[in-house]
Amino acid sequence: MQVTINRMSQSKTAPSALTICSILGLFLLLAAGQTQARAQSTGPAQQKQPSGTSTAADSSPVANAQQNLYNASGQNGAQPTQDSFHGSIVIDKATSGVLDLSLDDAIQRGLRQNLGLILQTSSVKNANGQRLEELQALLPTVNATASIEVQQINLAAFGLSFPGLNPIIGPFQVVDFRAYLTQNLVNISALKNYIAAKHNFQGAKLTAEDARDLVVLTVGNAYLLCIADAARIEAVNAELATSKVSLDQATAAHDAGTSPRLDVLRAQVDYQNEQQSLISTKNNLEKDKLALARTIGLPLDQAFRLTDLVPFKGLDHVDPEQAFQQALKSRKDLAAYAQQVESASAEKTSAKAYQYPVVSAAGDYGDIGTTPGHSHGTFSATGQISVPILQIAKTKGQEQVADAQFEQSRAKLSDQIQQVNQDVRNSLLDIQSTAKLVESTHSNVELATEALSEAQQRFRAGVSDNLPVSQAQSQTEQANDQYISALYQHNVAKLSLARALGAAQTNYKDYLGGK
């Protein structure tokens, strides 16, 4: 307790010793009560101990590292999930014309407006905010207060009574203008907390960069699916025209009396089946175009046409081990996992440092008096060492929690390395198998088309009925659909390889166009 008496007025008559002692004791009592009241509110005693995360006993653990995109649980709506990458924000308004949309345009729009990427970018800001909060525990803290206090005291309430002295003192006022400074000089726990938050921030930035690859994969897949739908519509239109020719032939042969009514009915069923297939395929294209628009932030009522076809182009042989080594250097999610391990290591050291002494300094300076014009400067300076004496359970518990998080982070990093290896090898296997499928299904299309032509010629010559024609049309439709599916799967496999190598954003054109 510190009491400062700036000045006292001198009485004209010399009082007795008993009176002087009584008055002095009264003023000491009043000063003590006033100082205690200020200490309980905004006084210097409150400011001497650094607050919040700056002390060893009260330091809060750093928030857990940003979850990787593949581990997002979706429980927090502000965090990106796999479904978030199928959404977007719409900035532009729909125009009356038809928009030409290339694959590159779609990807660039997705990188600007995709919801998953926007949410991940917000997570970076959140991690940076946590880093700054932990940094404050290492920086000086300065606060200022201005107060005016008016009191009237009844001495009788305290059991004090002096002969000839009125027990009611006051009213009187105290004006105080004061600034407070606190600073941690040595705080290992706060330092390690800041280092952990710094690694979390770096990990969040790396995860945001990895999210850009995922946007490219998502948008590219949606665009390729629309291309496949458009190819199916083209194939169904050709099959519809062929069915119309077969129907006309059957009708003409029936009218000429050379073919039974059954051939006409069979041809009509085939023609109507193709019409139904065309309706369904067009509907699928429109729905997939809506999904693409949702992914890249286009207004859903905006009409657009695809300008890229992405034909089949083979990919040169890629050695799996070399590709894996490239992925280890390029994958941003792996680097983010490594940052999580560093963060968990710092948190582990921070938990152990809770039992270390904390050295801090605090001080205040201000003017105090009855009025601003009748005041005098006062100050206090305090150095403090805070040492936890007996908190064994808390310290051991924090150490075990931090150690468990550290082991989990290392295990996740090790597992993610193997996952990347599997992603690379799966993509290469898919590329090889789908390339063979493209070759095989393309041959099937040629054979089915030739078989259809032979069946039509035989029916036209009257050698057979149109049952072989109907069967050949069905086989041709199936062969075309399998060929289109194989092309789509092959292109998606190449795009998946680019993502597995961590090069989807920068080199997706090389992989889709062959290399």
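Guide: Two strands count as paired if DSSP finds at least two bridges between them. Strands (E, at least two residues) are DSSP runs, numbered from the N terminus. This is a predicted model, where local features need pLDDT of at least 70, side-chain atom pairs count only at pLDDT 80 or more, and totals for chains, interfaces and linings use all residues. Residues are numbered from 1 along each chain as its sequence is written, and side-chain values use heavy atoms, with hydrogens and water left out.

Start with strand S5 (residues 358-371) and S6. They run antiparallel, joined by 13 bridges. Val358 stands opposite Ser386 in S6. Between S5 and S6 lie 2 residues, and the two strands form a hairpin.

Now step back to the whole sheet. It is open and has 4 strands, in the order S2-S3-S5-S6, with antiparallel pairing. Strand S2 (141-154) and strand S6 (374-386) are at the edges; each has a single partner strand, so one side of each lacks a neighbour in the sheet. On average, neighbouring strands here are turned by 20 degrees against each other, direction ignored. For that angle, axes are lines fitted to C-alpha atoms, for helices over the stretch in contact, and angles run from 0 to 180 degrees between N-to-C directions.

Finish with S2. Its partner is strand S3 (residues 168-186). The two run antiparallel, and 13 bridges join them.
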